[in-house]
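This report concerns aromatic contacts in a protein chain. The sequence and structure are shown first.

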Amino acid sequence: MTRAECPCGSGRGYDACCGPFHRGAATPATAEELMRSRYSAFVAGLASYLLATWHPATRPESLELDDGVRWTGLEVLAAADGGPDDRRGTVEFRASFVEDGRERTLHEVSRFRRDGEGWQYVRGRATWS
């Protein structure tokens with residue numbers, strides 16, 4: 001994937017933002033960085049990255065992404081804890097997408113945990129509209 005601007009909405013270029021995470025050249029330092037990189041992975045269709053960054057206690061055995069969904073934007077609404085020295089964090093976000101020609105929104109509060117493997121997604125409380 002080569003993009004001038006990263007799909008996560010950070011305002012930075014993909015190669016300086018989520019690209020190194022997706023290539024395995026770096027790991028996210030914060031829960032928000034992980035959440036942004038996971039959003040970008042949905043945009044890019046990187047199911048293997050999504051599974052690799054999912055906590056083993058809640059990770060599904062496999063993940064099939066819907067080719068009919070086109071992710072169109074991410075807005076981070078709030079983040080609590082989840083810094084480089086924290087072990088837990090939450091990130092609230094709104095992600096826009098188009099499915100079957102209809103604009104929709106996912107609003108989620110995601111929980112993250114950091115251990116020896118770095119930050120991992122645990123679970124989220126989501127609403128769809």
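## Aromatic pairs

Tryptophan 71 is buried, with 18% relative accessible area; buried means under 20%, exposed over 50% and partly exposed in between, for a 1.4 Å probe and protein chains only. Tryptophan 54 and tyrosine 121 form an edge-to-face aromatic pair, 5.4 Å centre to centre with 75 degrees between the planes. Rings of Phe, Tyr and Trp (its six-membered ring) pair if their centres lie within 6.5 Å; planes under 30 degrees apart count as stacked, over 60 as edge-to-face and the rest as tilted. Because tryptophan 54 lies in the loop between helix 3 (47-52) and strand 1, and tyrosine 121 in strand 4 (residues 118-128), this pair ties together parts that are 67 residues apart in sequence. Helices (H or I, at least four residues) and strands (E, at least two) are DSSP runs numbered from the N terminus.

Tryptophan 54 is buried at 15% relative accessible area, and tyrosine 121 is buried at 11%. Arginine 38 lies over the face of tryptophan 54, 5.1 Å from the ring centre; the criterion is NZ of Lys or CZ of Arg within 6 Å of the ring centre and within 35 degrees of the ring normal.

## Aromatic cluster

Tyr39, Phe42, Trp71, Phe97 and Trp128 form one aromatic cluster. Tyrosine 39 is buried, with a relative accessible area of 5%.

## Basis of the model

The model is predicted: local features need pLDDT of at least 70 and side-chain atom pairs pLDDT 80 or more, while totals for chains, interfaces and linings use all residues. Residues are numbered from 1 along each chain as its sequence is written, and side-chain values use heavy atoms, leaving out hydrogens and water.
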